[in-house]
Amino acid sequence: MGVALFSLVRLFVLCCITLGLIPQLSLASITRHYTFDVQLQNVTRLCHTKSIVTINGQFPGPRIVAREGDRLLIKVVNHVQSNISIHWHGIRQVQTGWADGPAYITQCPIQTGNSYVYNFTIVGQRGTLWWHAHISWLRSTVYGPLIILPKRGVPYPFTKPYKEVPIIFGEWWNADTEAVIKQALQTGGGPNVSDAYTINGLPGPLYNCSAKDTFKLKVQAGKTYMLRIINAALNDELFFSIANHTLKVVEADAVYVKPFDTNTILIAPGQTTNVLLKTRPSHPNATFFMTARPYVTGLGTFDNSTVAGILEYESTALHSTLPMKKLPLHKPILPVLNDTSFATKFSNKLRSLNTPQFPANVPQKVDKRLFFTIGLGTNPCSQQKHNNQTCQGPNGTMFAASINNISFTMPNTALLQSHFFGQSNGVYSPHFPISPLIPFNYTGAQLNNTHVSNGTKLMVLPFNTSVELVLQDTSILGAESHPLHLHGFNFFVVGQGFGNFDQNKDPKKFNLIDPVERNTVGVPSGGWVAIRFLADNPGVWFMHCHLEIHTSWGLRMAWLVLDGKLPNQKLLPPPLDLPKC
């Protein structure tokens, strides 16, 4: 009898586990395996066919889906001639800096014929992030969504959408982007601009020969859709709007925000934004353009074009309509190209949700206050390199970009390895300046001397340092908005303004209650932004402008966060398959 009863109980428990009726057991995190084959693929856009670097032959690349708490093992196998590395943009990488991905910062790139397994766990994060190549300009075609669902049984802090749709903006060049950046760095001039913007890899009907390559979002009336919007463009911040529809912003950079309604969003390269789209209660007998075009503040040339997708309502048996082609097509009105007023108002609306379940843990005390200038500059034309021809940057110089007037020189070995094995001599200096060596009127008249200094300098932070960093745009070669991305951390955007930051007045206006928490922030054109973060993640962490040309010109630096005392405060040893330089 006892044995039979025990068997019945055991069977009941097994059934409950199988059916997911015992929640604690079904909440267990899992390990998810992906294989990324880096391979060439012929792709045609704008009636132009070219061979591009892809993951698994897909453009854009495959979608990664995981839950908060899951472990990811992503094997990247390189079958192309270019070196490759992949960055999991916005993933904290707590103790797993070896998996962060920027070439020559946390790893040597994966060489032809070799592979590397990116091994990391998603800790305390949920929302829309993305992944992309992090070497040269290969991210122009090597990118895709990284979607982190909440833990099972944990709801969104808003109405559950009927459906979720990734919307990923990109840029298409008919030319080879590796040749574009190579030429720009050789001549010292600005790069050739892209030929089109894309939505999910498609340019849409406003471009030559692209009507068939149009993204269509098919919806039903009376439903709520969540659009997971990602800007994977190389060099352009973008306005985005859907004609005659309101978007409710609910998340930015995989952190919930206080919901607000808007007709248009602004999204910089590197950023993500989740919006709820509530469709009309009944079929509107129309179709609607969803368009994106650039927000431009700099003086350089840019791709002044518009990508369009189409929002289509599906007809039901009760409601038959005209064929889609015959329905009227409504177009949205986007802000003008340089609408900094819209950009400011939009960014000021973003606030952390700051509820007991999703608190905004803003550092209230500050251990280290830093002031970094960011902007463009020049290097002298090196005549040896140019066979006595003049360079194509300002006044015969070469374009450069810098932080605190240091244009970052990429090492030819990985910084994290050099630090971990105590071999930093000759690789980097640990003395990045805490403020500009020579203060000046940062947003005033342009300077006569625009030359930058060059070097590989890191800012060293003891574990758990609370940092306040003011990022100040300069007008050295014209003021410009810069989307700054910090690897390894989220930060709180506690203040922003125009002109020069005033240490006596501006901090009094900081929001230390519910500032937005992000991984990429737009430094206002001709202004400043103040961020706070806790350096609780040991490793070497890249910080750079996410406009790819500015990164190539040197608008980048790295933080070295030292180990803490406890075992869970130390960087883990490198994996055995870490690539070699």
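Helices (H or I, at least four residues) and strands (E, at least two) are DSSP runs, numbered from the N terminus. The structure is a predicted model in which local features need pLDDT of at least 70 and side-chain atom pairs count only at pLDDT 80 or more, while totals for chains, interfaces and linings use all residues. Residues are numbered from 1 along each chain as its sequence is written, and side-chain values use heavy atoms, with hydrogens and water left out.

**View 1. His550 in helix H6.** His550 has its place in helix H6, which comprises residues 548–553. With a relative accessibility of 3%, His550 counts as buried; buried means under 20% relative accessible area, exposed over 50%, and partly exposed in between (1.4 Å probe, protein chains only). Not counting residues up to four places away in sequence, His550 touches Leu376, Ala401, Glu480, His482, Cys545 and Leu555. A contact of this kind means heavy atoms within 4.5 Å.

**View 2. The whole protein chain.** The protein chain contains 6 helices and 33 strands. Its C-alpha trace spans about 85 × 70 × 55 Å along the principal axes. For 581 residues a compact globule would have a radius of gyration near 25 Å, and the 25 Å of the protein chain agrees with this; the radius is taken over C-alpha atoms, and the globule rule is 2.2 Å times the number of residues to the power 0.38. Buried residues account for 57% of the 581 residues. Of the contacts between residues at least 6 apart in sequence, 79% join residues at least 24 apart.

**View 3. Confidence and the first residues.** The average pLDDT of the protein chain is 94, and 93% of the residues score at least 70; pLDDT is the predictor's confidence in each residue, from 0 to 100. Over residues 1–26 the pLDDT is below 50, and this stretch has 6 contacts in the model beyond near neighbours in sequence. Where pLDDT is low, the predicted coordinates should not be read in detail.

**View 4. The largest nonpolar core.** This core has 95 residues, and those with the most contacts inside it are Phe372, Met543 and Trp559. A nonpolar core is a set of buried Ala, Val, Leu, Ile, Met, Phe, Trp, Tyr and Cys residues joined through side-chain atoms within 4.5 Å. Strand S9 (residues 163–172) gives the most to this core, with 5 residues. Apart from this core lies another, of 44 residues, among them Trp131, Leu415, Ala558 and Leu571.

View 5. In helix H4 (residues 340–349) the buried residues are Phe342, Ala343 and Phe346. They lie on the same side of H4 because they cover an arc of only 100° around the axis, the arc being that of the directions from the helix axis to the C-beta atoms. The buried residues of H4 pack against strands S13 (237–242), S14 (247–252), S15 (255–262), S16 (264–267) and S18 (287–295).

**View 6. Glu171 in strand S9.** Glu171 has its place in strand S9 and is buried, with a relative accessible area of 4%. Among the residues that Glu171 touches, not counting those up to four places away in sequence, are Ser140, Ser194, Tyr197 and Asp236.

**View 7. Thr35 in strand S1.** Thr35 is found in strand S1 (residues 31–45) and, at 45% relative accessibility, counts as partly exposed. Not counting residues up to four places away in sequence, Thr35 touches Asn56 and Lys75.
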